[in-house]
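Here are my notes on the model you sent. They are set out as numbered points, to be read beside the structure.

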Amino acid sequence: MADQIPLVDYLVLGDSPHLVANECTNCGARYFDRRNACASCSGLTFTKADIVTDGEVRAFTIVTPWMPGTAPYVPAVIDCGGTSVRANIVNTEPDDQHVTLGMKVRLTTFPIGTDTAGTEAVGYGFEPAN
Amino acid sequence: MANDDIWILGINMTKFGKHPNEDVVDLASEAALAALADAGVTMADMGVLAAGNLMGAAAGIGQQLQKQIGQTGIPVFNVANACATGATAIRTVIMAIKSGECDMGLAVGVEKLSGAGMLGAGMGAAASDEWTPSGRFGAVSGLEGKLGTDMMPGVFAQVGMEYGHKYGGTSFELFARISAKNHSNSTLNPLAAIQKDMTFEQIMAEPMIAYPNTRAMCSANSDGAAAAVLISGEKLRTLSKEQQRRAVKVSASVLTSDPYEEGCQILPNVNTLTRNAARQAYELAGIGPEDLDLVELHDCFATAELVHYDNLMLCPEGGAVDFFESGAPFRTGSTPVNVSGGLESKGHPIAATGIANIWEICHHLRGEAGPRQIEGAKVGLAHVIGLGSACGVHILEKSGL
């Protein structure tokens, strides 16, 4: 298998792909970006926390891209066991019949391209759980 | 000595829309000179200038403006606070007057946005031949469209959908009907960028930008400027009876930012900082939401207007849909909202917006709003929010002088 690299550094690839957050050791606030300190309590130390891969759609939109011929995409906020995650809803039709508020979803990964060195970048989204 | 009561002595907004032959300094000059004339004073009377032009924030619009209308040597604050830039300029002048450093000042906001398209930069990395993690997410590619969206129509669409998930009762049609209210109101506002009555069916049939926001449900990118002259109550009482009669009292001026909450760095939380600003403003003014004769709130998208009924406490918590369905926010309702046409039709030249909404309220409190006058208006509220986030709330009262 070709080398792989995650689209973002908080996506862990392998046999059971999942997201990992920086969790404040003082107040428990979770972040997906590189941190200088905690926005909630100004704490300075963080630990890694695995995020559950099942979730529920708390909000979504369906963006019509400017470029003709490109497919609409479905940005959403997913509640993964109390931690909010940002992703697109994938593997379903991008319309309000197939994507609904409160629907159950699960994490999935997919290749997004290969660079000149042959490394494949892998992104993530959430697909309907049922 | 500190001044504790603040008034608007003069205020103006330009026509919003396309101004191909005027640059930002022309538009800012037009609004500033008209606000000074409206106030019956000159640049020589100003003790402070606060000015904003978000898209040209590094250029120093305040000094550029001075070089056209009066280089009097006063301190200039060039402010930038996203869509709350205009409100921040007003707030800055108010703080200077309140501190006692001066007794009069000018706030100006201007923007040229015609044809700017969708706003909101994608986070993430630059293109490269080899995947190279960079930025705060260690991203190997731009993330717009791959991991959600930073584009404003999509962000605010999710804000409205989140409200629907929490409280129920929302639908594509509901958001279109909110937009239809504002487009209908715009037909009475000659300064609006778009004056076109649209049914909710027509609005739903417009091109979809970010579900459930169609093009007609998005704020209109336009050119425009607005300016206000602010004055201490003590100084106002030395001016003519006519100036005192037309002055509008600033009963509350509040600026907040977004406090940390779970998820607020995933989808911006525009609710809590607005609620915090409203609560502070009502307390400062000694006025409740039920006392408001009109409200201009930040309907950058139809989905945003709904949540701000709730955030500004115009209805009980969770009751925004019922509030709209009751007819309350219509011109003829108990709390008319966005009788100017709102950002969806009046237009949204970013830095001008937070002064233009105050101009609209002043217009009604002075009884000068012509065919769209809300009869007997005595108190109004103006609200703006800039993503990032900043929220400005001003409560204004008719002069009793």
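**Salt bridges, strands and the chain interface**

1. Lys104(A) and Glu56(A) join their side chains in a salt bridge, 2.9 Å from N to O. Lys104(A) sits in strand E10 of chain A and Glu56(A) in strand E6 of chain A, so the pair ties together parts that are 48 residues apart in sequence. Lys104(A) counts as partly exposed, at 45% relative accessibility. Glu56(A) also counts as partly exposed, at 27%. Please keep in mind that this is a predicted model. A search of the whole structure gives 18 salt bridges over all chains.

2. E6(A), residues 54-60, and E10(A), residues 104-114, pair in the antiparallel sense over three bridges. Within that pairing, Asp54(A) has Arg106(A) as its bridge partner in E10(A).

3. What does E10(A) form with E11(A)? The two strands make a hairpin, with five residues between them. Gly118(A), in the turn, has a positive phi of about 85 degrees. E11(A) covers residues 120-128, and nine bridges join this strand to E10(A) in an antiparallel arrangement. Phe110(A) stands opposite Gly123(A) of E11(A).

4. Now the interface. Interface size is often given as the accessible area lost when the parts come together. Chains B and A bury about 3,900 Å² between them, and 58% of this is on carbon and sulfur atoms. Trp131(B), Arg136(B) and Ile266(B) supply 21% of the area that chain B buries against chain A, more than any other three residues. In terms of contacts, 39 residues of chain B touch 50 residues of chain A.

5. There are 22 residue pairs in polar contact between chain B and chain A, both residues at pLDDT 80 or more. Helix H4 (152-167) and strand E5 (208-211) of chain B are the elements that give two or more residues to the side of chain B that touches chain A. H4(B) gives the largest share, seven residues. By class, this side of chain B has 18 nonpolar, 13 polar and eight charged residues.

6. Strand pairing also crosses between the chains. Two bridges join E7(A), residues 62-63, to E5(B), and the strands run antiparallel. Ile62(A) stands opposite Tyr211(B) there.

7. How many salt bridges are counted between chain B and chain A? The count is two. One is between Asp150(B) and Arg86(A), at 2.9 Å from N to O. Asp150(B) lies in the loop between strand E4 (104-111) and H4 of chain B, and Arg86(A) in strand E9 (residues 83-88) of chain A, so the pair joins two chains. Asp150(B) is buried, at 18% relative accessible area. Arg86(A) counts as buried too, at 14%.

8. Within chain B, Arg246(B) forms a salt bridge with Asp38(B), with the closest N and O atoms 2.8 Å apart. The pair links distant parts of the chain: helix H8 (residues 241-246) holds Arg246(B), helix H1 (residues 24-39) holds Asp38(B), and they are 208 residues apart. Arg246(B) counts as buried at 13% relative accessibility, whereas Asp38(B) counts as partly exposed at 22%.

9. Last, is His183(B) buried or exposed? His183(B) counts as buried because its relative accessibility is 1%. This residue lies in helix H5(B), residues 172-186. Beyond its neighbours within four places in sequence, His183(B) contacts residues including Lys196(B), Met198(B), Ala216(B) and Glu344(B).

Methods: Residues numbered from 1 in each chain as written. Chains lettered and ligands numbered in written order. Predicted model: local features only at pLDDT ≥ 70, side-chain atom pairs only at ≥ 80, totals over all residues. Heavy atoms only, no water. Pairing = 2+ DSSP bridges. Helix = DSSP H or I, 4+ residues; strand = E, 2+ residues; numbered from the N terminus. Contact = heavy atoms within 4.5 Å. Buried area = accessible area lost by both parts, 1.4 Å probe. Salt bridge = Lys/Arg side-chain N within 4 Å of Asp/Glu carboxyl O. Polar contact = N/O pair within 3.5 Å; in protein donor to acceptor, adjacent residues only side chain to side chain. Nonpolar A, V, L, I, M, F, W, Y, C, P; charged D, E, K, R; others polar. Buried < 20%, exposed > 50% of the residue type's maximum accessible area, 1.4 Å probe, protein only.
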